[in-house]
Every structure is written in structure tokens, then in C-alpha cells.
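Visitor: I am new to this structure. Please show me how to read a few of its features.

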Amino acid sequence: METIIVHPKNNEEQKVIKAFLEALKIKFENLKTKSEESDYDPEFVEMVEQNRKDYKAGKGIKISLDDIWK
């Protein structure tokens, strides 16, 4: 048997391919790409993303390295 690897360009293509395979009752695996994997704790990533949003919304302060090392 042969293994076929496809590279959908976007989520829409991925949904169509999955639906097609399911309709034909073809078994498939949904593997994560390296860019989808993370070595970080999901809670930590969520906290960092929230902090970035807060900073962009003006809820943070910027400290220079010179101020830290004084």
C-alpha cells in the first residue's frame, strides 16, 4: 500500500480533503506540523499572549535595560 502526503494551502482545503476522505471511508491521520507543536506549557503561552494584548491596549509599561541594571 502507498502513503500519500498532501499539503493543503489553508483551512478550507484541509476541511474539504478531510470530508472527501471521510465520505469514501478512507482512514487517515491528522499529523501536526512542527509549527503547530509547542514545547511550552499551554497555560504559559496563554499568559504571554494575554500580556501582549494588554501591552498593545496600553495596559503595560516599558522598562529599558539601563533602568534594570542600575
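Visitor: Is glutamine 50 buried, partly exposed or exposed?

Guide: Keep in mind that this model is predicted. Partly exposed lies between buried, under 20% relative accessible area, and exposed, over 50%. Glutamine 50 has a relative accessible area of 40%, so it is partly exposed.

Visitor: Where is glutamine 50 placed?

Guide: Glutamine 50 sits in helix 2, which covers residues 42-56.

Visitor: Is tyrosine 40 buried or exposed?

Guide: Tyrosine 40 counts as exposed, because its relative accessibility is 56% and the cut-off for exposed is over 50%.

Visitor: How many aromatic pairs does a search of the whole structure find?

Guide: The search finds one. A pair of aromatic rings is described by the distance of the centres and the angle of the planes. Here the rings belong to tyrosine 40 and phenylalanine 44. Their centres are 6.1 Å apart. Their planes meet at 35°, so the pair is tilted. Phenylalanine 44 is partly exposed, at 40% relative accessible area.

Visitor: How much space lies in the largest pocket?

Guide: About 1,100 Å³. It is lined by 25 residues. Closest to the centre are Ile4, Ile5, Val6, Phe28 and Glu29.

Visitor: How does the lining divide into nonpolar, polar and charged residues?

Guide: Eleven are nonpolar, seven are polar and seven are charged.

Notes
Residues numbered from 1 in each chain as written. Predicted model: local features only at pLDDT ≥ 70, side-chain atom pairs only at ≥ 80, totals over all residues. Heavy atoms only, no water. 1 Å grid on protein atoms, 1.4 Å probe; cavity = no way out; pocket = protein on both sides within 12 Å on 5 of 7 lines; lining within 4 Å. Points joined across faces, edges and corners; volume = space filled by probe spheres on them. Nonpolar A, V, L, I, M, F, W, Y, C, P; charged D, E, K, R; others polar. Phe/Tyr/Trp six-rings, centres within 6.5 Å; stacked < 30°, edge-to-face > 60°. Buried < 20%, exposed > 50% of the residue type's maximum accessible area, 1.4 Å probe, protein only. Helix = DSSP H or I, 4+ residues; strand = E, 2+ residues; numbered from the N terminus.
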